[in-house]
Structure formats: structure tokens, C-alpha cells
Amino acid sequence: MSVVNPFTLNLFEYRRCGEVSDQQVIEALKSVETYLFRRWVCKVPTNALNKVFETLHSEVLRGVNAF
């Protein structure tokens with residue numbers, strides 16, 4: 001699942017800069033893992049994952065900035 005690498009790298013960069021905590025990184029990674037596992041169990045095709053993870057980072061930032 002190399003499609004998650006850009007999101008993961010951005011997440012780790014935010015952690016390195018102190019913008020998110022270790023716990024927030026853990027929760028984000030758990031959420032991604034759960035999402036991918038559920039898709040796999042339900043046999044949902046992976047061809048749409050590129051689009052999902054392409055916009056995930058900006059969507060997360062938009063949600064964080066809303067608070």
C-alpha cells in the first residue's frame with residue numbers, strides 16, 4: 001500500500017515540527033490501517049485509493065483548521 005506513503009510522510013513531518021503529538025500520529029495511523037483493512041475484507045477494489053489518499057492530507061488540514 002505505497003499509496004499511503006505521501007500522507008504518512010506528511011504526518012511524520014508534522015510530528016517532527018511539533019504540530020501533532022505522538023498520540024495523534026498513532027491514532028491517525030490506526031485509522032488508516034482500519035480503513036484499508038475494512039476495504040480489503042469487503043473486497044473493495046483498490047483503484048480508488050490513489051484519489052482518497054491524494055486529497056486526504058488537505059482534507060485533514062481543512063478539518064483541523066476548522067477548530
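**Exercise 1. Which residue with a positive phi follows H2?**

Before we start, this is a predicted model: local features need pLDDT of at least 70, side-chain atom pairs count only at pLDDT 80 or more, and totals for chains, interfaces and linings use all residues. Residues are numbered from 1 along each chain as its sequence is written, and side-chain values use heavy atoms, with hydrogens and water left out.

Solution: 
- Step 1. Go past the end of H2 and you meet Lys-43, with a positive phi near 55 degrees. Helices here are DSSP runs (H or I, at least four residues), strands likewise (E, at least two), numbered from the N terminus.
- Step 2. Recall the background: most residues other than glycine have a negative phi. Lys-43 is not a glycine, yet its phi is positive.
- Step 3. Check the surface: Lys-43 is exposed, at a relative accessible area of 71%. The cut-offs are under 20% for buried, over 50% for exposed, and partly exposed in between (1.4 Å probe, protein chains only).

**Exercise 2. Describe the chain as a whole.**

Solution: 
- Step 1. Count the elements: there are three helices and zero strands, in the order α-α-α along the sequence.
- Step 2. Box it in: along the principal axes, the C-alpha atoms fill roughly 35 × 20 × 20 Å.
- Step 3. Look at burial: 19% of the 67 residues count as buried.
- Step 4. Look at contacts (heavy atoms within 4.5 Å). Among those with a separation of 6 or more, 45% come from residues 24 or more positions apart.

**Exercise 3. Now do the same for H2.**

Solution: 
- Step 1. H2 (residues 22-41) has 20 residues, which should span 28 Å; its end C-alpha atoms are 28 Å apart, so the two agree.
- Step 2. List what's buried in H2: Val-25, Ala-28, Val-32, Leu-36 and Arg-39. Down the axis of H2, the buried residues fall within an arc of 70 degrees, so they line one face of the helix.
- Step 3. On the other side of H2, Glu-33 and Arg-38 are exposed.
- Step 4. Here's the handy rule: an α-helix has 3.6 residues a turn, so residues three or four places apart point the same way.

**Exercise 4. Which residues does Val-25 contact, leaving aside its neighbours within four places in sequence?**

Solution: 
- Step 1. Find Val-25 in helix H2. Val-25 is buried, with a relative accessible area of 7%.
- Step 2. Read off the partners: Val-25 is in contact with Leu-11, Phe-12, Arg-15 and Val-20, once neighbours within four places in sequence are left aside.
- Step 3. Follow Val-20, which lies in the loop between helix H1 (5-16) and H2. Not counting residues up to four places away in sequence, Val-20 touches Leu-11, Tyr-14, Arg-15 and Val-25.

Definitions and conventions. Expected span 1.5 Å × (residues − 1). Arc of directions from axis to C-beta.
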